[in-house]
Amino acid sequence: MTIEEGADPRRAELAQRLSDVRGRIAAACVEAGRDPAEVTLIAVTKTYPAADVRRLVELGVHDIGENKDQEAAPKAAELAAAGAAVRWHFVGQLQRNKAKSVVRYADLLHSVDSSTLVAALDRAATVHRERPLDVLVQVSLDADLERGGAAIGAGVPERDLERVVAAVAESESLRLRGVMAVAPLAWDPRSAFDRLAEVASVIRRDHPDSTVVSAGMSVDLEAAISAGATHVRIGAALLGKRAALR
Ligand SMILES: *Cc1c(COP(=O)(O)O)cnc(C)c1O
């Protein structure tokens, strides 16, 4: 243990958890015959303080995920003021009225799921950003739109997957980079992520830059990696169990 870790037990705990998660990712890559360099670990720090984000950055994790703008915006400001190199991933359901805030700090927005949200984000990014915003379209695999995502043949036109993909592709200031999904609760995660991989490859035919597949959380990262995930979003396994479900 270094002196720093001795002085900061939380940092030592995060270092241990990080090493465990990296070990799981490495093992899953061996199993799948993949190079671990193809898999980006995103630490989902929701409900945990900016101090933990700083510790993770010091430990070499620069991809940080948040799911609520009112929590993410002040953390991003605090880390920017400290000069920390962070790539911010926004992974939560997003209301249109938050677009203006999120486009200012997000580096990759994982949860684009309606054509009206695309329009709001495009307007906001055009005004408030110098560079286009990279986005993923969130795919609802079971078409339960309450839990977020756009679905193939969704009854609600603005949530139709093809329509959302087309809206991003036609936007001025958003760049389509791929897809994201959360495995539906009742599904076997492997079949969920295989299905996502199929959707991703169909989208890639028309949009070759859509190479990102964001899939896998603490409980199912192995299944996601075996199905080809390029980004895993890990909260509890890295930071500890959150106090309340949110
Ligand atoms: C919270 C969250 C995660 C991380 O989940 P864990 O189970 O804590 O690993 C991943 N993706 C999204 C969209 C989340 O909201």
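**View 1. α8 gives the most to the lining of the second largest pocket, with five residues.** This is a predicted model, in which local features need pLDDT of at least 70, side-chain atom pairs count only at pLDDT 80 or more, and totals for chains, interfaces and linings use all residues. Residues are numbered from 1 along each chain as its sequence is written, and side-chain values use heavy atoms, without hydrogens and water. Both α7 (161-170) and α8 (189-206) supply at least two lining residues; helices are DSSP runs of H or I with at least four residues, numbered from the N terminus.

**View 2. About 300 Å³ of space lies in the second largest pocket.** A pocket is an open set of points on a 1 Å grid over the protein atoms alone, where a 1.4 Å probe fits, with protein on both sides within 12 Å along at least five of seven lines; lining residues have an atom within 4 Å of a point. The volume is the space filled by probe spheres set on the points. Look among the lining residues for Ile152, Asp160, Val165 and His207.

**View 3. Here is α8 with its buried side.** Its 18 residues reach 27 Å from first C-alpha to last, close to the 26 Å expected at 1.5 Å a residue, the expected span being 1.5 Å times one less than the number of residues. Ala192, Phe193, Leu196, Val199, Ala200 and Ile203 are buried (under 20% relative accessible area, 1.4 Å probe, protein chains only). They lie on the same side of α8 because they cover an arc of only 115° around the axis, taken from the directions from the helix axis to the C-beta atoms.

**View 4. The face of α8 turned away from its buried side carries Glu198 and Arg205.** Both residues are exposed, that is, over 50% relative accessible area.
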